[in-house]
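Subject: Structure handover

Hello,

Here is the structure we talked about. Please open it and keep it beside this note while you read.

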Amino acid sequence: MKILVCVKRVVDYNVKVRVRADHTDVETNGVKMSMNPFDEIAVEEAIRLKERGLASEIVALSIGPAACAETLRTALAMGADRGILVEMPHSPEPLAVAKLVRAVAEREQPGLIILGKQAIDDDMNATGQMLAALLGWPQGTFASRLEIVESAAKVTREIDGGLETLRLSLPAIITTDLRLNEPRYASLPNIMKARKKPIDTLTPQALDVDVAPRLTLLSVTEPPTRKAGVKVDSVEELVAKLKREAKVI
Amino acid sequence: MTILVLIEGEAGTVKQPSRSALAAAARLGGNVHGLVVGSRADAEAAARLPGLSEVLHAELAHILAEPVADLIVGLAGDYSHVLAAATASGKNILPRAAALLDVQPISDVTEVMDEETFVRPIYAGNALARVRSADAKKLLTIRAASFDPVPATGGAAPIRAVPIAESAGSAFVSAEIAHSERPELTAARIIVSGGRGMANAENFHLLDKLADKLGAAVGASRAAVDAGYAPNDFQVGQTGKIVAPELYIAIGISGAIQHLAGMKDSKVIVAINKDPDAPIFQVADYGLVADLFTAVPALDEALANAP
Ligand SMILES: Cc1cc2nc3c(=O)[nH]c(=O)nc-3n(C[C@H](O)[C@H](O)[C@H](O)COP(=O)(O)OP(=O)(O)OC[C@H]3O[C@@H](n4cnc5c(N)ncnc54)[C@H](O)[C@@H]3O)c2cc1C
């Protein structure tokens, strides 16, 4: 079985983003970029399936500017076999991403596609579900456990109130939650080896996908900031303040 | 303009986040229909909500995204907007339906500006994006913490049964749902949350006593959940639950941006942490620099004794 994993290049999770003075977007110039943390979990899960003999090849796919090749190299250094870059000036909306991934999936015919449940930049949490819809495949979103048993995926999902386990026929879509695994760091020899692994470059035109955006970003603003309050010296003072000043207990 | 709102029920009640989604629908104006997938009792509870002119009811034992998305697509012709609360269930279903309708959904809406313009947080809530949709239909998930829920009663909408197909590719196997006497995180007036500082699962239960005294829900940081001190659905943050209670007490939580993303709209924030430089103090209204293992029992006692 071939596994396709989708990896997005995003502002690193440790960066505190700033809104641009002209309110057109957040500042991404000169900001550290990394693989979306949920996608690292997706790559790791694919590698573990391969290590268990349940997958034959792992193809990593990234969509966006040329610099996404770096993100693909990270996936290759972790253990993916080859990369596909769909190059375009900006990272498109989830609907366009889902259409592009579908087009690649139709060429590659994977048995499983694993994506992060959300990208930590736009926080949309939509691409995996949309891709599943477009392919007509079942979906196991927010996965915290995945088993492949007899050409089916048994996936445990993090839901409101606890956990739920589903059985999905393959091919299927999985989106990863934080507790699915802990991604490995790429070793230096593997980073060297990854430089020789192939990356194919495609375009939306070559895949015949319309990527025109549906949403117009009108403005980006700072959320109201909270100011730090006071330090209290004792538990008694805290209780007194909560009762008399804040009146919340 | 008619709006369809996916309403989540549970044991003959409507979940609070769905009542917030209805509040968002009311901001849009127009006629509002509810869609309940579940038991008849859940549909009856939805019919009692104020402001609905009809409740569509599909009977299904286990809610799976595939058949529910297909159902929404089948009904969508009649509606200008389809809304769901941005719960795990809403986020699972709504984008699937949107793709089938060739619509770019808008997730986690915190403000309705007009019929086609919405505000949503991005980058863990460090920025607010105002977006306008050019799609013929709008599919939205609504951040419950940003809309005061409509009351649970006051209406008497007719219920219409709609058929739903079985799912072909996916099947329910099992669920582990924690039952608790405490209020739900997203509905609680007070939340007591613990982090890695709680040090182990046994200590985490120190928070139970405090929560019970305050009538509070218990929450957790990702670190506490990852370490197995607390179950996954306790997680508050960018990728967990988004809460905005009257009072949020963070105990042994450092205040990472991903955690703040889930609770910084709380009315009053209290932080108890032994590190005076912990970032949580930058958002706390009341900070207590103390070892939690002395502060939490002392807080229990002070609450019992306070006049
Ligand atoms: C993609 C991604 C998504 C994430 N999503 C979330 C999310 O949704 N929610 C979330 O919470 N995190 C999330 N995180 C993780 C986040 O970055 C932090 O790692 C996490 O919030 C830290 O949890 P913590 O504050 O409990 O632990 P720590 O940062 O380790 O802090 C523990 C705190 O406890 C204090 N402490 C220790 N012992 C005591 C004591 N005896 N008495 C008093 N204080 C004590 C320490 O001083 C410290 O401040 C996410 C991270 C990533 C990369």
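A polar contact is a pair of N or O atoms within 3.5 Å; within protein, one must be able to donate a hydrogen and the other to accept it, and residues adjacent in sequence count only if both atoms are side-chain atoms. Keep that in mind for the ligand below.

First, the ground rules. This is a predicted model, where local features need pLDDT of at least 70 and side-chain atom pairs count only at pLDDT 80 or more, while totals for chains, interfaces and linings use all residues. Residues are numbered from 1 along each chain as its sequence is written, chains are lettered from A and ligands numbered from 1 in the order in which they are written, and side-chain values use heavy atoms, with hydrogens and water left out.

The ligand

Where does the ligand lie? It lies between chains A and B.

An oxygen atom of the ligand sits 3.0 Å from a polar backbone atom of Gly252(B). A side-chain N or O atom of His259(B) is 2.8 Å from a ligand oxygen. Thr239(B) places a polar side-chain atom 2.8 Å from a ligand nitrogen. The ligand alone exposes 980 Å², and the protein buries 85% of that. Those areas come from the Shrake-Rupley method with a 1.4 Å probe; for residues, only the protein chains shown count as cover.

Helices (H or I, at least four residues) and strands (E, at least two) are DSSP runs, numbered from the N terminus.

The interface

Chains A and B bury about 6,900 Å² between them, 56% of it on carbon and sulfur atoms. Buried area is the accessible area (1.4 Å probe) that two parts lose on being put together, summed over both. Asp160(A), Arg214(A) and Arg226(A) supply 11% of the area that chain A buries against chain B, more than any other three residues. The contact (heavy atoms within 4.5 Å) takes 79 residues from chain A and 89 from chain B.

Gln282(B) touches the other chain. Leaving aside neighbours within four places in sequence, it contacts Arg226(A), Lys227(A) and Ala228(A). It sits in the loop between strand 17 (268–273) and strand 18 (286–289) of chain B. Gln282(B) is exposed, at 55% relative accessible area. Buried means under 20%, exposed over 50%, and partly exposed in between (1.4 Å probe, protein chains only).

Most residues other than glycine have a negative phi, and most peptide bonds are trans.

- Phe142(A) has a positive phi of about 55°. It lies in strand 7 (residues 139–149) of chain A and is buried, at 4%.
- Ala11(B) has a phi near 50°. It is in the loop between strand 2 (9–10) and strand 3 (13–14) of chain B. At 78% relative accessibility, Ala11(B) is exposed.
- Leu170(A) and Pro171(A) are joined by a cis peptide bond, with omega about 0°. Pro171(A) is in the loop between strand 9 (162–169) and strand 10 (172–176) of chain A.

Best wishes

Terms used
A residue is near a molecule or strand if one of its heavy atoms lies within 4 Å of it.
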